[in-house]
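Please look over the structure below together with its sequence before reading on. The report takes up a few of its features in turn.

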Amino acid sequence: MSASLTSSIVTTAVGVLLLTAVLQTWRRSAAGSVRLLVVQGLALAALVAALGASRGDVELLAVAGVVALVKAGLLPWVLGRTATGRLVERDAAVRPAVGLLGAAVLTMFAYAVSDPLRGGDQSATARAIPAGIALVLIGFWILLTRHSAVSQLLGFVVLDNGIAMVAFLTSDGLPLTVELGATLDVLLVVVILRALTTRMRGTHGGTSVDDLTELRD
Amino acid sequence: MVVLLWLPVLFPAVMGAFVAWRHRDAYARFVPLAVAVVILACGVALVARGRVVTSSLLRADAGASYVLLCIGAVSVVALWGGLSRKSLGGRGEALVCAFLAAMSLAVLADNLGVMWVAIEATTIATAFLVGHAGTRGATEAAWKYVVLGSVGVAIAFLGIVLVYASSRAGGTPTLSWVALTSGNIALSPHLARAGVALAVLGFATKAGLAPMHSWLPDAHSQAPAPVSGLMSGVLLSVAMYAILRVQAVGAAHIGVGLVHGLLLTFGLLSLTVAAFLTLTQRDYKRLLAYSSIEHMGIIALGVGSGTTLGLAAALLHMLGHGVVKAAMFVVAGRVLNITGSTRIADVTGLLKRRPDLGWPFLVGSAALLGFPPFVTFFTEVAILVALAEAGLWWAAGAAALLLLVTFVGIARQVLGMTVGAPAPVPDSGDHRLVEDPPSRRRTAPVALALGVGAAMSFLAVVLVPVLTAAAAALGVAR
């Protein structure tokens, strides 16, 4: 694959990843949020595949397949089974506009602070590292500002996608065993949180994290 | 001797799978205890051999062997003391086995990435154990535990990713701890600094250090007694061990100032949180949980002092606190059985009413408060001395003051529960009463644990070389 093609695929995928993360802070419908997650997973897989093809690295291409399967298939499927209909009313602590603004500020912040991490590397992949950090920060932002269990799960997945992105952009991903183990761990965490969400509906009559007030000092 | 490396990881995994597949009440409840005994035996054998054992992904040096021994000892106390007549239904036992396998793997992995995967797996294995009761409180605790635990550990993962990226500067990137600390490869300093800081921050969440501690009292107070004991005694220690491993990588490349600064801050904050929340605590299981935060803070200060004395004392404190705390959670679980309430105000006159529970509770609390002859007294003094030796007089003074406040808080609560005349049992308790008559068989593990906690103080001849070797292997104090 030619260098310019790789570079343009990487740039596009990074753009899509960032855009879907920012839109997550604004979406209110659960089904829509899960669809955004599918797009985000596909963009991540495309990024990995482009890197693999440009290096002629078969292992990386296989990882791209796993990423597509888990991040664009299994994870959204698990989440989609919980997320029916609209997310809880007044789910967010902040208004959608403020949510978007927060995401924008965090993205700029990520670009401002990530410069040393690139170490002077000017390639297309290195220039995209701040976008990965931005995804991590936006994931945090969603976790902080959303109060329904499903939205918090979404925030966690966005955070994790950001970390995966940084791993692929800085060093073509981690060693295969670690990569697979980490993917399995994240999948299991989401499955557990989904099961707890169902149980929360039984014990608390809803899935708003605001209702979790029993334990305190 | 490679079998000593694989046994603590594979045996629990296989037994866990077996008990999940073929569950019979007759033996299921003994399986976790058998697994714990095997881990302890492997830990003792590895420590006794005192040589580095390596096999592909796994590696046991003096540090890893010692921490494996801690895992075994604490698990035996928690699971033997917590043996109840009813099994946890097969799935519970399987999860405890998976938890033990994951902790052994985290300690024995040479690869920082594999260590991370194993630590994240401990969160997964314990999630349903924390929520086991199925009540509102248990569900809430499990949710907070999994969200905070996995987000915290995700930060550590980002840190490890950055360390991996930084090792690309030296040719082939690697996550092998031996390679990263060997000094043969160069890390790019900016990435390594960011990576080490994030990894320490993330694992500190899992170690229950303030200000990332908020999941800990909830999870510890809601989980079944043996699981609370395991989490308090070993899960926190394994997370601390991960911090030690990351610290060694930092020490080899960017100096130790950053990590030690973070640990001193977390340590003093943890002591502060524990001091003030034990003073006003109304729930005795939460009281024990805050005491765990206090002890993790002490260990963090010991490591943060940067001296060999501080590190060795911190490692010994890990074992001493773990064994005693596991016994205390077991006793607390039995107190809950007979009173049906976790409120401190509902428990009175334990010494008169149930001396078989009252005495261990009182003596165990004394051990947690650092009374001589318990080993915690000597390690706490050693850590304060280490801080002063390192020129951190202010930290030593602040720590001593905060320990004193915690002392007052815990002593007042525990004396209120044990000494004095028993008041009638209120029936407002929100937990089911479980028949739990005095039994020598069930008191034995607790008595043994407290005895070990005291005897350790006099075993310097045996312990000093082990601790020195472990501190040297964890390779910071130089």
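The sections that follow describe a predicted model, beginning with the interface and ending with backbone details.

## The interface between chain A and chain B

In this predicted model, 40 residues of chain A are in contact with 44 residues of chain B, and the area buried between the two chains is about 3,900 Å², with carbon and sulfur atoms giving 74% of that area. Arg199(A), Leu215(A) and Asp217(A) together supply 17% of the area that chain A buries against chain B, which is more than any other three residues supply. The size of an interface is often expressed in this way, as the accessible area lost when the parts come together.

Between the two chains the count of residue pairs in polar contact, with both residues at pLDDT 80 or more, is six.

## The side of chain A that touches chain B

Helix 5 (115-118), helix 7 (129-145), helix 8 (149-171) and helix 9 (176-204) of chain A each supply at least two residues of the side of chain A that touches chain B. The largest share of this side, 15 residues, comes from helix 9 of chain A. Sorted by class, the side of chain A that touches chain B has 25 nonpolar, nine polar and six charged residues.

## A helix pair within chain B

Within chain B, the axes of helix 4 (residues 62-81) and helix 11 (residues 225-253) come within 8 Å and cross at roughly 170°. Because angles over 145 degrees count as roughly antiparallel, helix 4 of chain B is roughly antiparallel to helix 11 of chain B.

Residues that make this contact include Val67(B), Ile71(B), Val74(B) and Leu79(B) of helix 4, and Leu230(B), Val234(B), Val238(B) and Tyr241(B) of helix 11. The residues of the contact divide into 12 nonpolar, four polar and one charged.

## Backbone details

Most residues other than glycine have a negative phi, and most peptide bonds are trans. Against that background, the peptide bond from Ala210(B) to Pro211(B) is cis, with omega near 5°, and Pro211(B) is found in the loop between helix 9 (189-206) and helix 10 (215-222) of chain B. The peptide bond from Pro372(B) to Pro373(B) is also cis, with omega near 10°, and Pro373(B) lies in the loop between helix 16 (355-368) and helix 17 (375-389) of chain B.

In chain A, Asp172(A) is a residue other than glycine with a positive phi, near 55°. Asp172(A) is found in the loop between helix 8 and helix 9 of chain A, and both of these helices supply residues to the side of chain A that touches chain B.

Note on methods: Residues numbered from 1 in each chain as written. Chains lettered and ligands numbered in written order. Predicted model: local features only at pLDDT ≥ 70, side-chain atom pairs only at ≥ 80, totals over all residues. Heavy atoms only, no water. Contact = heavy atoms within 4.5 Å. Buried area = accessible area lost by both parts, 1.4 Å probe. Polar contact = N/O pair within 3.5 Å; in protein donor to acceptor, adjacent residues only side chain to side chain. Helix = DSSP H or I, 4+ residues; strand = E, 2+ residues; numbered from the N terminus. Nonpolar A, V, L, I, M, F, W, Y, C, P; charged D, E, K, R; others polar. Axes fitted to C-alpha atoms, helices over the stretch in contact; angles between N-to-C directions. Parallel < 35°, antiparallel > 145°, perpendicular 65-115°, else oblique.
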